[in-house]
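Biologist: I have a model open and would like to go through it with you. Can we start with the loops?

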Amino acid sequence: MGRFFALLLLPLLLFGDTVKHFKWKDGESFLAFLERKKLPLSVYYNLDKDDQKLTEDIPFNANCQMVVDTKNFIRQILIPVNDELQLQIYLTPKKRYEMKVTPIISEEYTETLYLPIQTLPYDDILKTTGSKNLASVFVKMFKGKVDFRKGLQPGAPIIMVYTQKYRLGKPFSMPEVHGAMVEVNGKRIAIYRHTDGHFYDEKGGQHEKFIFKLPMRNARITSRFTKRRYHPILHRYRAHLGVDFGARPGTPILATGDGRVIYAGYLNGYGKTIKIRHSNGLTSLYAHQKSFKKGVHLGSRVKQGDIIGYVGSSGLSSGPHLHFGMYRGSTAIDPLSVMKKKTEGFSGKERKAFLAIRNKMDAKFRKALKTKPIRKPYFDFYETYYVDSETFKPKPF
């Protein structure tokens with residue numbers, strides 16, 4: 001259809017158009033959204049099955065944007081699916097609505113947060129940064145290791161080193177914490193993130209003790225997790241926010257860990273689906289099931305390894321398989337990244353690599369304790385970015 005520029009970041013109003021911000025409604029299907037906005041359902045049905053499935057992964061409360069003209073006519077809608085890709089509904093020059101998957105343009109910064117304790121770490125971090133995600137991650141990192149209601153003295157330091165993405169000048173997606181430190185009764189306690197993505201104490205001992213197991217016996221992976229992959233032949237972006245396991249119909253599906261069933265029913269393109277919330281804050285998802293095991297329902301308590309259902313091909317599925325997802329809040333993470341965890345200290349080359357990470361992080365802690373940096377509330381951006389639909393390269397407006 002010729003060259004078309006997809007507006008991805010909208011800090012400025014263009015040509016009299018207005019940018020309206022809205023949040024994705026929890027539980028609303030993509031088709032229901034199109035009907036509510038009086039957009040043609042062909043926007044959905046013209047997609048291939050992979051992109052149709054992607055509409056099921058829109059996180060609840062996702063921050064979306066809609067561009068309307070002076071007559072309140074929709075010109076464009078941007079719906080993030082994860083922190084890499086978004087769904088872009090746009091009006092073509094022929095006055096037809098179409099949709100494609102486009103990359104999200106964001107800025108990424110590694111920051112060091114220093115603050116003296118005033119009340120409780122969660123409250124102090126939230127007040128300083130405005131980020132519930134950052135405050136929650138800090139508390140979870142030290143859960144079981146520090147009692148934040150005892151031993152914390154007013155003025156004792158908290159330090160976090162983390163990478164945060166920003167979109168429209170505000171935090172976007174979950175922060176990636178590299179290390180954190182807190183002082184309790186005059187003793188400094190630190191947690192470090194290793195290259196495997198897990199947290200360890202100063203001696204290299206595994207801090208996270210929760211262990212997940214694969215949801216099938218003799219599991220055969222047919223598709224892995226990816227937030228953003230550019231297809232070299234189709235010349236488009238793909239995302240697969242879970243892991244697919246190939247299996248015969250009726251193969252038992254196992255709970256990956258102890259938890260409580262928070263959803264058991266039909267979930268649009270995912271078909272018959274079960275969600276389990278675990279004690280470490282993660283939620284696992286099991287989709288395209290043939291049927292649930294008798295007695296498994298909303299509110300059920302399950303143990304790791306319990307049979308919860310059976311492999312099928314319900315929903316938008318090209319054949320029998322299990323789509324297995326893992327979520328931290330509403331953010332999809334790679335399920336395989338939390339399957340195997342170390343419980344012993346490091347040795348050999350692994351220990352050497354960990355010590356290098358620990359020493360580098362300790363140097364950042366010492367610098368923060370000395371300089372006591374003051375954090376800015378947010379970053380300001382003045383550029384408006386576009387992405388060429390043919391080259392997918394970002395361009396400043």
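Modeller: Asn185 sits in the loop between strand S9 (170-184) and strand S10 (187-193); strands (E, at least two residues) are DSSP runs, numbered from the N terminus. This is a predicted model, where local features need pLDDT of at least 70, side-chain atom pairs count only at pLDDT 80 or more, and totals for chains, interfaces and linings use all residues. Residues are numbered from 1 along each chain as its sequence is written, and side-chain values use heavy atoms, with hydrogens and water left out.

Biologist: What is the phi of Asn185 near?

Modeller: Near 50°, a positive value in a residue other than glycine. Most residues other than glycine have a negative phi.

Biologist: Is Asn185 buried or exposed?

Modeller: Asn185 counts as exposed because its relative accessibility is 59%. Buried means under 20% relative accessible area, exposed over 50%, and partly exposed in between (1.4 Å probe, protein chains only).

Biologist: And where does His288 lie?

Modeller: In strand S19, residues 282-292. The phi of His288 is also positive, near 65°, but His288 counts as buried because its relative accessibility is 0%.

Biologist: New topic. Which residues touch the most other members of the largest nonpolar core?

Modeller: Phe30, Ile77, Ile79, Leu87, Ile89 and Ile308, out of 58 residues. A nonpolar core is a set of buried Ala, Val, Leu, Ile, Met, Phe, Trp, Tyr and Cys residues joined through side-chain atoms within 4.5 Å. Apart from that core lies another, of 24 residues, including Leu134 and Phe199.

Biologist: What pLDDT does the protein chain average?

Modeller: 82, and 85% of the residues score at least 70; pLDDT is the predictor's confidence in each residue, from 0 to 100.

Key: Helix = DSSP H or I, 4+ residues; strand = E, 2+ residues; numbered from the N terminus.
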